[in-house]
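Dear colleague,

Please find below the structure that I am handing over to you. My findings follow directly after it.

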Amino acid sequence: MSSEKLVMDQGFAPSLAGLGLTRPYKRQSGRRTGLVLLAGGCLGGVLVCAVLMPLVYVTMSDLQLEVTELRNLVISNSMSTATSSTEDQGNGTAVGGAHRERRQADLTPEFGDVYVRWGREDCGGNAETIYAGVVGSGWYHHYGGGSDYQCLPLEGVEWNNPVSGYQHNSYMYGAEYEVNSNGYFSTDNMESINNPLNYDVPCSVCHVAGRSAHVMIPARLSCPQGWSKEYSGYLMSSNHAHYSNKNFICVDGAPNLRAGSSADLNGALLYLVEAQCGSLPCGPYISGYELTCVVCTK
Ligand SMILES: [Ca+2]
Ligand SMILES: [Ca+2]
């Protein structure tokens, strides 16, 4: 008799047979073993899953981040390509601020740059006018006070606990064009006025999307390769014989004049700037010539 048979005879087989159950004990044992193995396998699977799932999750997150970064890189490169393909179209040399072409990058609001368009009431079609106003600075013949030109808003002026009268000895005046000739500026935006002398000077502060830098280049009317021209014009500043020193600003070559402001009230003044060659190299610079300027973005 085989050992298997012995188990059947000496184990539970007789009692099982008595209960009407005829399956041998060995098969019951095999099923139990299988169930144990199955349960163990499931438990092991659960443990494996518990260990692997966080790893899988972290890996998936990393992959997602990498995909996002790659997508942003592709978008950035495509914008750069679109920009470089159109920006030179606005790089003309005419005085007066011919605007560059609208770029694909303009539609991306995430970044941009800000510059002042001196002499113009708005920034034109390719830039957002943050606000418009008038040019101001210290009095032209004071020894001290503020020295740089400011663009002061005309709307939404707000005060904080002002006290009437003068107590503080620093002042802001409006600026006038001190250019007694119509031979320099284009009269296109002067509303039939030929001479800007003594008119107040408008300005606008401009935000251009998709750009990250701007530069004002004196003695140029066009921008370097890869840069977009925002406007061009004439370099202007204070009179050398006046006490107040001012900075140089680039005034649009086709400026606006503030309507009805022709009274000679002075205040801060703006004069064309002439080259004086010597230590300024006489090769490119010619004494007595009025200096131009251009504002470029990239
Ligand atoms: Ca004046
Ligand atoms: Ca001159």
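The term pLDDT denotes the predictor's confidence in each residue, on a scale from 0 to 100. It applies here as this is a predicted model. The protein chain averages a pLDDT of 78, and 63% of the residues score at least 70.

Two stretches call for caution. Over residues 1–29 the pLDDT stays under 50, and the model has 14 contacts beyond four places in sequence for them. Residues 74–94 also stay under 50 in pLDDT, with 32 contacts beyond four places in sequence. Where pLDDT is low, the predicted coordinates should not be read in detail.

Overall architecture

The protein chain contains three helices and ten strands. Read from the N terminus, the elements follow the order α-α-α-β-β-β-β-β-β-β-β-β-β. Of the 298 residues of the protein chain, 26% count as buried. Among contacts between residues at least 6 apart in sequence, 73% join residues at least 24 apart.

Strand pairing

I begin with strand S2, which spans residues 128–137. S2 runs antiparallel to strand S5 (residues 202–209), and six bridges join the two. Within this pairing, Tyr-131 stands opposite Val-205 in S5. S2 is also joined to strand S3 (residues 150–153) by four bridges, again in the antiparallel sense. There, Val-134 has Leu-152 in S3 as its bridge partner. Two further bridges join S2 to S4, and these strands run antiparallel. Ser-137 stands opposite Tyr-173 in S4.

Strand S4 (residues 173–177) leads on to strand S9 (residues 268–272), with which it pairs in the parallel sense over three bridges. In this pair, the bridge partner of Glu-176 is Leu-269 in S9. S9 pairs with strand S7 (residues 228–237) as well, in the antiparallel sense and over two bridges. Ser-237 has Tyr-271 in S9 as its bridge partner. When you inspect these strands, please bear in mind a general point: in a regular strand the side chains alternate between the two faces of the sheet.

Individual residues

Ser-228 counts as buried because 27 C-beta neighbours lie inside 10 Å, the cut-off for a buried residue being 20 or more. The C-alpha atoms of Ser-228 and Val-295 are separated by 8.5 Å, although the two residues are 67 apart along the chain.

Two residues with a positive phi are also worth noting. Ala-219 has a positive phi of about 65 degrees, although it is not a glycine. Ala-219 is found in the loop between strand S6 (214–218) and S7. Ala-219 counts as partly exposed because it has 15 C-beta neighbours inside 10 Å, and a residue is partly exposed when its count lies between the limits of 12 or fewer for exposed and 20 or more for buried.

Asn-266 likewise is not a glycine, yet has a positive phi, of about 55 degrees. Asn-266 is placed in the loop between strand S8 (249–252) and S9. With 15 other C-beta atoms within 10 Å, Asn-266 is partly exposed.

Yours sincerely,

A colleague

Methods:
Residues numbered from 1 in each chain as written. Chains lettered and ligands numbered in written order. Predicted model: local features only at pLDDT ≥ 70, side-chain atom pairs only at ≥ 80, totals over all residues. Pairing = 2+ DSSP bridges. Contact = placed C-beta atoms within 7 Å.
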